[in-house]
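This report describes a protein model through its strands, its ring pairs and its charged contacts. Please keep the structure in view while reading.

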Amino acid sequence: MTRTFVALVAAAALFAGGGHARAQSFDSRDVMGGGPNFFGTGASPIPRETVLYPSNYAPGTVVVNTAERRLYLVLSDGQALRYGIGVGRDGFRWGGVHRVSAKKEWPSWTPPSQMLARRPDLPRHMQGGIDNPLGARALYLGSTLYRIHGSNEPETIGQAVSSGCFRMTNEDVTDLYNRVPVGATVVVKN
């Protein structure tokens, strides 16, 4: 019902002439899917929790399960911290093993050329901050274009809306950022 209400409000604003003002400004919350979080609290719709996770992965390994739309940080004793994530939409999912090559707080964002080709309306660069689509923290994955990063759109957690990155709430990505060092193994299961 909330999404329907938001759609009606957006349609009314468009017909009332609000669409012209929207077209002239850039709303960074619309960059990688979804839209403004009109009614959200910032909390993840999928709460972080410790779960049983028997595996052969060493503690400290990050396992991204795109089918489940969950990220696991492997702990000792057959347990893991499980986080809800947003994943790549159709055509943008991928898999493999990488390492965290860098970590940044309030990272700046420069859209890759592939994204600019699809969305020429995007800014060429954005400084870090609350409106930046990478959110509060980012963990860079090897030499790929992809990151595990925050989002100011908690309503997109659990959905397939990104261009290949894994998005988390700012609260969850900050928690993960504080637990995972540069060099940690990241396994992405597609």
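R137 is buried, with a relative accessible area of 13%. This arginine forms a salt bridge with E105, and the closest N and O atoms are 3.9 Å apart. Since R137 belongs to strand β7 and E105 to strand β6, the pair ties together parts that are 32 residues apart in sequence. The model in which these contacts are found is a predicted one.

## The sheet

Strands β6 and β7 both belong to an open sheet of 9 strands. The order of the strands is β1-β4-β3-β2-β11-β6-β7-β8-β10, and the pairing is mixed. At the edges are β1 (49–52) and β10 (166–167), each of which pairs on one side only. In general, strands of a sheet pair through backbone hydrogen bonds, either parallel or antiparallel.

One pairing may be followed in detail. Strand β7, residues 137–141, runs antiparallel to strand β8, residues 147–149, and the two are joined over 3 bridges. Which residue of β8 is the bridge partner of L139? The partner is I148.

## Aromatic rings

A pair of aromatic rings is described by the distance of the centres and the angle of the planes. A search of the whole structure finds 3 aromatic pairs. One of them joins W94 and Y146, which are stacked, with 4.8 Å from centre to centre and 15 degrees between the planes. W94 lies in the loop between β5 (87–88) and β6 (96–105), while Y146 lies in the loop between β7 and β8, so this pair ties together parts that are 52 residues apart in sequence. W94 has a relative accessible area of 13% and is therefore buried; Y146, with 24%, is partly exposed.

W94 also forms an aromatic pair with F166, and this pair is tilted: the centres are 5.6 Å apart and the planes are at 40 degrees. The pair links distant parts of the chain, with W94 in the loop between β5 and β6 and F166 in strand β10, 72 residues apart. Both W94 and F166 are buried.

## Charges over rings

Two further contacts bring a charged group and a ring together. The charged end of R89 sits over the ring of F92, 4.6 Å from the ring centre. The charged end of K104 sits over the ring of Y140, at 5.1 Å from its centre.

Helix α3 comprises residues 170–179, and its buried residues are N170, D172, V173, D175, L176 and Y177. What covers these buried residues of α3? The cover includes β3 (70–74), β4 (79–84), β6, β7 and β8. In general, an α-helix has 3.6 residues a turn, so residues three or four places apart point the same way.

## Salt bridges

The structure holds 9 salt bridges. One of these is formed by the side chains of E171 and R48, at 3.9 Å from N to O. E171 lies in helix α3 and R48 in the loop between α1 (2–24) and β1, so the pair ties together parts that are 123 residues apart in sequence. E171 counts as exposed, at 53% relative accessibility, and R48 is partly exposed, at 31%.

Another salt bridge joins the side chains of R93 and D90, at 3.0 Å from N to O. Here R93 counts as partly exposed, at 33% relative accessibility, whereas D90 counts as exposed, at 63%. Salt bridges that share partners join R48, E171, D172, D175 and R179 into one network.

## Positive phi angles

Most residues other than glycine have a negative phi, and most peptide bonds are trans. Which phi value does D77 have? Phi of D77 is near 60 degrees, a positive value in a residue other than glycine. D77 is found in the loop between β3 and β4 and counts as exposed, at 72% relative accessibility.

W106 also has a positive phi, near 40 degrees, and is likewise a residue other than glycine. Its place is the loop between β6 and α2 (113–118). W106 is partly exposed, with a relative accessible area of 38%.

How values were computed. Residues numbered from 1 in each chain as written. Predicted model: local features only at pLDDT ≥ 70, side-chain atom pairs only at ≥ 80, totals over all residues. Heavy atoms only, no water. Pairing = 2+ DSSP bridges. Helix = DSSP H or I, 4+ residues; strand = E, 2+ residues; numbered from the N terminus. Phe/Tyr/Trp six-rings, centres within 6.5 Å; stacked < 30°, edge-to-face > 60°. Buried < 20%, exposed > 50% of the residue type's maximum accessible area, 1.4 Å probe, protein only. Lys NZ or Arg CZ within 6 Å of the ring centre and 35° of its normal. Contact = heavy atoms within 4.5 Å. Salt bridge = Lys/Arg side-chain N within 4 Å of Asp/Glu carboxyl O.
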